[in-house]
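Colleague: I am new to reading structures, and I would be glad if you could take me through one slowly, feature by feature.

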Amino acid sequence: MSGSISVAAAGDTASNRPYSLKTQRRANGAEPLARFGEAKKVLGDIYAEINTYVDELNGFYEDPFHSANIDLSTEANPSAVVKVSDEQRKGLLDLSASIRIIRETFQRDHMKVVFFGRTSNGKSTTINAMLHDKVLPQGMGHTTCCFLQVEGCSEAEGYLQRDDIEEKLPLSELRSYGNALGDDDRALPSAGGYNRTLRVFHPRTSSDGHVNRLLQNDVVIVDSPGVDVSPEFDSWIDAHCLDADVFVLVSNSESTLTNAEKQFFHRVSQRLSKPNIFVLNNRWDASASDGQDTANMVRKQHEQRLKEFLVDELHVCTEREVKERIYFVSSREMLEARLKELGKQERAFQQEYYKERRVEFEKFERVFEQCISRSAIHTKLEAHNRRAIEIVNKMRENCDAVQLAMGDQKRDRLLAMEESASTFTRCRENLAGSNKLVACRRNVCVRKCMSRFRPTFLRRSSASPSSWTNSSVRL
Ligand SMILES: Nc1nc2c(ncn2[C@@H]2O[C@H](COP(=O)(O)OP(=O)(O)OP(=O)(O)O)[C@@H](O)[C@H]2O)c(=O)[nH]1
Ligand SMILES: [Mg+2]
């Protein structure tokens, strides 16, 4: 095998790591959301590299002598050919299968944010503002009647997909499936339940060329029915929140947090360890009419209560972190301003001090993007990175076991060879001894023969040859 596997092992420093995300990020000045995609790509490359090594090793295990150009077809004793054990070969095939599954899984990995809050607080409006488009139905009264999961798609036209059928539905049906006010009752709780999910696929790039940054960067946004419409918190959390990287609580700044909202997040923080929760005090445009002093006092009161809720009750952040988690915004103003800038709307709803609220909304978006990308890389991709290290370690154990077995086989063969060599030497010595003995016996024999034949021969040789025919030689 050539080269080294470049997995970012725990304890590696950024400088000695072949794939350093920090270095890459500095190099191309990537924004927070893009880091997740980059990390995913780097992991993809790491897994592709590991896969090549597994394939290479697999080829070696199947035919260990092929790479050494040793032709075993002429081997006199095929059963003596060295083989890798079935256990090691199966182990390697298992690793190959897990690599395939992990590569498929993390291609589907995304960053996920879930919006919760009381009915009509402006969850759908906030999501639309963040998407710079009226993607989800919004309006007065109870609107969203099931979980709406917005994802990016590469098709020019968006579409819907229900969780119970594979068929794609046109976006125009969103009002009837995802809106409690729709005239079609197919999606109403009695038929589908609040816990159902309707996936809303929206083009990452719209027909006018506007690129949707959130959807472009694998962010999945989940809109929920108001927490006050159903007490089914646990099933909601199980079905929609366990893989969420960030939660956004959209509260109504004109009132205060309701018990339902608090209870819901208590359940979330019991089920998930230290969830990332942002609180948007929405409808803050309403404070404009009360004058700055009153607005400041109301703001302080909200901040104090929310701090107690997040820090002291839920323990999801520290006093220092909490400042970055609470915002006072007007999603309606933000959405309408963005639609106006894109030429989709002529006039935009704006109240006094609109600019401050806009700056705050944009600050929320920046911090949210950093948080979601950090959390998703940490929770989702780091797990794959750990798995890659495990796979490499297993491969090494597998190779070590094969090397050990091969070493044993080699030692057995060497012993057998030494035994054969000493047998051969013994045979050769025996043969030499036998040759000597035969030569000795032959000489004795010749001498005996000579001693018996010689006198007769000499006698006869002195007589005339004619007399030989008449008499026989007596031995
Ligand atoms: N003035 C003002 N109105 C807002 C704001 N945000 C939302 N709204 C309005 O509040 C109404 C409800 O907004 P939605 O976004 O549908 O509320 P929701 O939380 O999704 O409600 P459900 O889907 O029923 O749970 C709409 O008429 C919005 O235009 C805001 O910041 N200021
Ligand atoms: Mg809604």
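Colleague: Which of the 22 residues around ligand 1 come nearest?

Modeller: Let me say before anything else that this is a predicted model. Of the 22 residues around ligand 1, those that come nearest are Gly122, Ser124, Thr125, Thr144 and Arg332. Two elements give two or more residues to this shell, namely helix 4, residues 123-131, and helix 11, residues 331-341. Helix 4 provides the largest share, with three residues.

Colleague: How many residues of the shell around ligand 1 are nonpolar, polar and charged?

Modeller: The shell around ligand 1 divides into two nonpolar residues, 16 polar ones and four charged ones.

Colleague: Why is helix 4 described as largely enclosed by the rest of the structure?

Modeller: A residue counts as buried if 20 or more other C-beta atoms lie within 10 Å of its own. In helix 4, nine of the nine residues are buried, so this helix is largely enclosed by the rest of the structure. Among them are Lys123, Ser124 and Thr125, together with Ile127 and Leu131. Just after helix 4 comes histidine 132, which takes a positive phi of about 55 degrees.

Colleague: How should I read a helix that has a buried side, and which residues of helix 8 are buried?

Modeller: The general idea is that an α-helix has 3.6 residues a turn, so residues three or four places apart point the same way. In this structure, the buried residues of helix 8 are Glu261, Phe264, Phe265 and Val268. They cover an arc of only 90 degrees around the axis, which puts them on the same side of helix 8. The face turned away from that buried side carries the exposed residues Asn259 and Gln270. As for its length, helix 8 has 13 residues and reaches 18 Å from its first C-alpha to its last, close to the 18 Å expected at 1.5 Å a residue.

Colleague: What covers the buried residues of helix 8?

Modeller: The cover includes strand 1, helix 7, strand 7 and strand 8. Within strand 7 we find valine 248, and this residue counts as buried because it has 24 C-beta neighbours inside 10 Å.

Colleague: Leaving aside neighbours within four places in sequence, which residues is valine 248 in contact with?

Modeller: With those neighbours left aside, valine 248 is in contact with Val113, Phe115, Phe278 and Leu280.

Terms used. Residues are numbered from 1 along each chain as its sequence is written. Chains are lettered from A and ligands numbered from 1 in the order in which they are written. This is a predicted model: local features need pLDDT of at least 70, side-chain atom pairs count only at pLDDT 80 or more; totals for chains, interfaces and linings use all residues. A residue is near a molecule or strand if its C-beta atom, placed from the backbone, lies within 6 Å of it. Helices (H or I, at least four residues) and strands (E, at least two) are DSSP runs, numbered from the N terminus. Ala, Val, Leu, Ile, Met, Phe, Trp, Tyr, Cys and Pro count as nonpolar, Asp, Glu, Lys and Arg as charged, and the others, Gly among them, as polar. The expected span of a helix is 1.5 Å times one less than its number of residues. A residue is buried if 20 or more other C-beta atoms lie within 10 Å of its own, exposed if 12 or fewer, and partly exposed in between; C-beta atoms are placed from the backbone. The arc is that of the directions from the helix axis to the C-beta atoms. Two residues are in contact if their C-beta atoms, placed from the backbone, lie within 7 Å.
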